[in-house]
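My entries follow in the order of looking.

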Amino acid sequence: MAVPLKQPETKEQRSAASLLAQWTRKVGAALGGPILAVLFALIAGAIVILITWPDKTVDPFRNIYNAYTTLFTGSFGSPTKISNTLVVVTPLIFTSLSVAIAFRAGLFNIGAAGQLAVGAMTADVIGLTYTSWPSWLLVPTMLLASILAGAVWGGIVGFLKAWRGAHEVVTTIMLNWIAFYVTDYLISSPRFTAPLGVGETNALPDNATLPPMVNYINQFFGTQLNPFLYRVDISILFALIAIVIYWFITSRTTFGYEIRVIGQNPKAAHYAGIPIKRNTFLVMAIAGAFSGLAGAVSLMGQEITLSLTGFSQSTTGFDAIAVALLGRTTAIGVLISSLFFGGLRSGTTDMQAIAHIDPNLVLIIEALVLFFIAAEFLPVLRRAMPGWVQWSRKPTLVPTASVTPGTDVTENGNGDAQNRVEISDLDKEE
Amino acid sequence: MFFQVLFKGLISSNTWYATLQFAGLLILPALGGVISERSGVVNIAMEGMMLTGAFASVMITLAMHNIGLPDFLSVILGVLGAILAGGLMALIHALVSINFKANQIISGIAINIIALGLTSYLVFILTPSGQGVPSLPGNLRLPTFPWGPLASIPFLGLALFQQNVIFYLALLILFGAQFLLFRTNIGLRIRAVGEHPKAADTAGVNVRLLRYMCVISSGLLSGLAGAYLALGVSGIFLDNMTNGRGFIALAAVIFGKYTAIGAAIACLIFGLGNGLSFALQDLNLGSLLNTLPYVFTLIALVGLVGRTTPPAADGIPYEPGSE
């Protein structure tokens, strides 16, 4: 008979202090890495300000203080600012979920920007074509069509990866630019372009747009909030629902478990009988669907028009990668880090107006966050840290298997290329 | 109708001038990509390195001009500065992905973002009231190579002998790189490091040093391409002016099956797509033509025209001695 080696601990046996310590360790484990990355990035950003000294009317240290305080007050300082931040956060949540779910399966979705463009364009084409449809029919059609378009654009990547072994980083980059140019073509085609505005589509009719949140709040609570001040539209609710769906898919379904196994170890997944090809295709299609919806909601809720080269010039795809990585691809992590990055983005208006600092500082900070997450500075730091700031020893959620063309299985992690597995070849192995 | 316009485009020397110019711009970062990937470091950051180079070339040229240096010296210093700036970006990529074993794709993306952010940020800081960089006067740009009478040959003159000096430099570098990679000892070592770093290490090759050199040279080449773009073609620096050229170069690397000559042929094909887009304007194809490089590359990736396979250890950090 198996005798338990250790008596199972019950709650009553443990003191409050011990529970607190356990809790701190758990939270520290989950948050330590990302928080340190953000902290380092903010410090490095401060150094950039210190060196460049953008506002010569005050001393450089004052510059740093002004920059970060205006970034914060400009994004979360008042209800209107918060509303503006949520406007930025909404599409960011969708695209980040898109990147995150692909990461779970060990896939790099650099194509969020392209999938977003395709989704937005599809919604726009439908919205401008069936203008006579009533809102209750047109809006859901546009949203569904954008989901479908994004899913197709992402699904191509998954298909090529699973059946032809084409590396998803390369295919997503290619498909991004194809999407950018095709949308540019459609935007500038006489059918959709506005008669006077050069390089812009006609504005969507009112029955094809998403109403602002405050309309419902006013109705419900009898308040008199101005929808032009509180611009956030109801798609923020969709984004929250999407986060719940993401959480459900990744942690409560067999599919979520299967893609995680594929991401961590494709070979094991193969021998466990997990349908790698089908799941690779599906996960990329879902990723594309999230991004496609991002395009539709930002068009229907905020932009109303699409403009030429707008997609290729925006950094949405990159932002999404930063958010997904900073959030460690967990649902709650994506929510928090998209609030962080969205806040950085929407705070730049004030940072520029009050502290006279160029908004591009935020891009620098974002890149630095990526560096600090990606690089293994942490093992070095870990040794220098006191015990309570431990972070997770769990395998990272961005599997090393996703680095290269083909999915590599480096059993000893020393760069031995002989164990490489192409998932498209797995079936042929026996 | 279509073939008529196409034919008219193909016999116009303007088309071929634009084709070769675009190909020349692409080949430098593409060669950088080939070298870097051959050594086993994935590099999707050519875009950012090129942008940094473009920025540095314009800024340094203007600064040198403003402190009173002669024009040609300012331009030369600008080009050198661009090369160094690109190399510096690559050094970061090398440091992060070789020493800190970061995911090379994330590092590449971060380089692209930081290049975009830093150059735009610095333009705002360095130009009066942040209004952007002024267009460079003709004497502060890179000149065309003086071929003398050859330049006035009908048809061929414009296409072949009126290109920028960097174009001919790029050609030299192209054949140099192909020779280096496939005909020399060091090229063999680079490829060994990319295919099987452990074997190379056992044979006494310094894996890390070699990878460092390869990544940095990809930055130097991309920086030079940035100078070509800013000082040779456009004569101005604009935010995000590379506009995806670094990614087309990446496409050329893959389409060219990770060889210098292959990448050059890919650049030519992609360049022709660009050159023809002027001639085909009447067809109202607009930006659809711009998708051609990417469509070609997808087709190549899918394996319809011979599948491309990357070097075996591409993207895997090497950790000596761990077993």
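I counted two residues as in contact if their C-beta atoms, placed from the backbone, lie within 7 Å. The model is predicted, so I kept in mind that local features need pLDDT of at least 70 and side-chain atom pairs pLDDT 80 or more, while totals for chains, interfaces and linings use all residues. Residues are numbered from 1 along each chain as its sequence is written, and chains are lettered from A in the order in which they are written.

**The contact.** I looked up the contact and found that it takes 50 residues from chain A and 54 residues from chain B. For the elements I used DSSP runs numbered from the N terminus, with helices (H or I) of at least four residues and strands (E) of at least two. On the side of chain B that touches chain A, α5 (104–126), α9 (197–202), α11 (245–255) and α13 (292–302) of chain B each supply at least two residues, and the largest share, 15 residues, comes from α5(B).

**Helix α2 of chain B.** After α2(B) comes B:Gly40, with a positive phi near 95 degrees.

**The core.** I took a nonpolar core as a set of buried Ala, Val, Leu, Ile, Met, Phe, Trp, Tyr and Cys residues joined through C-beta atoms within 7 Å. The largest has 225 residues, and B:Leu31 is one of those with the most contacts inside it, together with A:Leu370 and B:Ala252. Leaving out residues up to four places away in sequence, B:Leu31 touches, among others, B:Ile173, B:Leu221 and B:Ala263.

**Positive phi.** Most residues other than glycine have a negative phi. I therefore logged B:Lys101, with a phi of about 50 degrees, in the loop between α4 (71–99) and α5 of chain B; B:Lys101 is partly exposed, with 19 other C-beta atoms within 10 Å. B:Tyr258 has a phi near 60 degrees and lies in the loop between α11 and α12 (260–279) of chain B, but B:Tyr258 counts as buried, with 22 C-beta neighbours inside 10 Å.

Methods. A residue is buried if 20 or more other C-beta atoms lie within 10 Å of its own, exposed if 12 or fewer, and partly exposed in between; C-beta atoms are placed from the backbone.
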